[in-house]
Amino acid sequence: MTAGTTGPRPPVDTSRPHPARVYDWLLGGKDNYEVDQKVGETLPEEARGNAARNRAFMHRAAAWLAKNGVDQYLDIGTGIPTEPNLHQVVQAITPTARVVYADNDPIVLRHAEALLTSSPEGDTDFLHADVRQPETILEPAGRLLDFDRPVALSVIALLHFMPDTDDPYGVVRTLVEALAPGSFLLLSHGTADQHPELRQETEAAYKRGAIPLRMRSRAEVEPFFEGLQLVAPGLVFAPGWYQEEPAPVQERSGFYVGVARIP
């Protein structure tokens with residue numbers, strides 16, 4: 001089935017940069033504007049490699065979940081579709097998988113309508129919603145997903161754009177508490193732990209674009225998994241998370257990543 005969309009069509013603001021479009025630029029995409037490009041161009045060169053390694057982690061983790069029987073996914077902070085998308089990864093393994101995407105950038109909504117096309121046996125939907133209001137995601141997502149069965153909650157490269165005042169820990173806790181036992185949290189978070197010399201340059205670039213950025217240390221990322229059962233290899237840098245695949249090249253990374261089971 002072709003992706004559906006929920007909610008009105010908000011206008012695209014091309015006067016201000018948006019993290020999803022900056023990320024698209026870092027990945028070599030073309031669905032961004034000059035304001036986004038200016039932010040990307042002032043980021044350290046290593047930012048491109050970090051974005052690619054983060055994306056590769058998502059592919060590996062989503063495939064592992066699908067191979068282990070997970071057939072429902074809620075992907076928040078979707079970003080602009082960059083193939084293969086999460087639903088393409090999981091539906092190649094489990095064609096009947098259902099995927100709900102959510103993002104607060106209107107341009108993502110427009111691309112979702114054209115590009116997030118499900119397998120014939122499965123289904124996808126897209127919500128224009130803000131993670132800071134998790135109830136605006138959970139209620140409509142429940143129209144496609146059965147929250148009485150396991151769901152994989154994917155929160156990739158999103159939480160470092162939430163300052164502490166937005167209570168990111170509380171938001172994740174609210175989302176996790178809505179999921180059935182046996183569900184999973186799939187998460188990546190920006191950090192400067194392996195790139196301390198690039199922290200100031202990175203923060204300055206986003207600040208010039210009026211994009212909040214709160215990179216966190218390992219000790220600050222660990223609480224997102226509180227009460228959950230981390231899957232081996234645990235909370236690691238992006239290239240360090242893999243299962244049966246050959247080990248990725250172990251380069252420095254700007255992301256902590258982890259997959260955890262909800263008991």
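**Entry 1: a first pair**

I started with Arg143, which forms a salt bridge with Glu139, and the closest N and O atoms are 3.1 Å apart. I then looked up how open Arg143 is: its relative accessible area is 59%, so it is exposed. A reminder to myself that I am reading a predicted model.

**Entry 2: more salt bridges**

I looked up the total next, and the structure holds 16 salt bridges. Some of them share partners, and in this way Asp164, Arg214, Arg216 and Glu220 are joined into one network.

I picked out Arg21 and Asp36, a salt bridge with 2.7 Å between the closest N and O atoms. Arg21 sits in helix H1 (residues 19-26) and Asp36 in helix H2 (residues 34-42), so the pair links distant parts of the chain, 15 residues apart. Are these two partners buried or exposed? Arg21 has 2% relative accessibility and counts as buried. Asp36 is buried as well, with a relative accessible area of 0%.

My next pair was Glu251 and Arg53, whose closest N and O atoms are 3.0 Å apart in a salt bridge. Here the partners are 198 residues apart: Glu251 is in the loop between E8 and strand E9 (255-261), while Arg53 is in helix H3 (residues 46-67). I checked both for accessibility. Glu251 counts as partly exposed at 41% relative accessibility, whereas Arg53 is buried at 12%.

**Entry 3: an arginine without a partner**

I stayed in helix H3 and moved to Arg60. Which side chain of opposite charge is nearest to Arg60, and how far away is it? I found Glu245, 5.0 Å away. Arg60 is buried yet has no salt bridge, because a salt bridge needs a side-chain nitrogen within 4 Å of a carboxyl oxygen. I also listed what Arg60 touches, not counting residues up to four places away in sequence: Ala238, Pro239, Trp241, Tyr242, Glu245 and Pro248. Glu245 is thus on the contact list of Arg60, even though the two form no salt bridge.

**Entry 4: Glu46**

Helix H3 also holds Glu46. Its relative accessible area is 29%, so Glu46 is partly exposed. Leaving aside neighbours within four places in sequence, I found Glu46 in contact with Arg53, His195, Leu198 and Arg252.

A cis peptide bond joins Ala232 and Pro233, with omega about 10 degrees. I placed Pro233 in the loop between strand E7 (229-230) and strand E8 (236-237).

Ala157 has a positive phi of about 50 degrees although it is not a glycine. I found Ala157 in the loop between strand E5 (152-155) and helix H7 (168-177). Ala157 is buried, with a relative accessible area of 13%.

Ala210 has a positive phi too, near 60 degrees, and is likewise a residue other than glycine. Its loop runs between helix H8 (199-208) and helix H9 (218-221).

**Entry 5: helix H7**

Which residues of H7 are buried? I noted Pro168, Gly170, Val171, Val172, Leu175 and Val176. Then I looked up their surroundings: the buried residues of H7 pack against strand E2 (72-76), helix H6 (135-141), E5 and strand E6 (184-190).

**Entry 6: the whole chain**

I finished with the overall numbers. The chain has 9 helices and 9 strands. A compact globule of 263 residues would have a radius of gyration near 18 Å, and the chain agrees with its 17 Å. Along the principal axes, the C-alpha atoms fill a box of roughly 45 × 40 × 35 Å.

Of the 263 residues, 55% count as buried. I also looked at contacts with a separation of 6 or more, and residues 24 or more positions apart account for 76% of them. The chain exposes about 11300 Å², with carbon and sulfur atoms supplying 52% of it.

Definitions and conventions. Residues are numbered from 1 along each chain as its sequence is written. This is a predicted model: local features need pLDDT of at least 70, side-chain atom pairs count only at pLDDT 80 or more; totals for chains, interfaces and linings use all residues. Side-chain values use heavy atoms; hydrogens and water are left out. Helices (H or I, at least four residues) and strands (E, at least two) are DSSP runs, numbered from the N terminus. Buried means under 20% relative accessible area, exposed over 50%, partly exposed in between (1.4 Å probe, protein chains only). The radius of gyration is taken over C-alpha atoms; the globule rule is 2.2 Å times the number of residues to the power 0.38. Contact means heavy atoms within 4.5 Å. Accessible areas come from the Shrake-Rupley method with a 1.4 Å probe; for residues, only the protein chains shown count as cover. Lys and Arg count as positive and Asp and Glu as negative; His and the chain ends are not counted.
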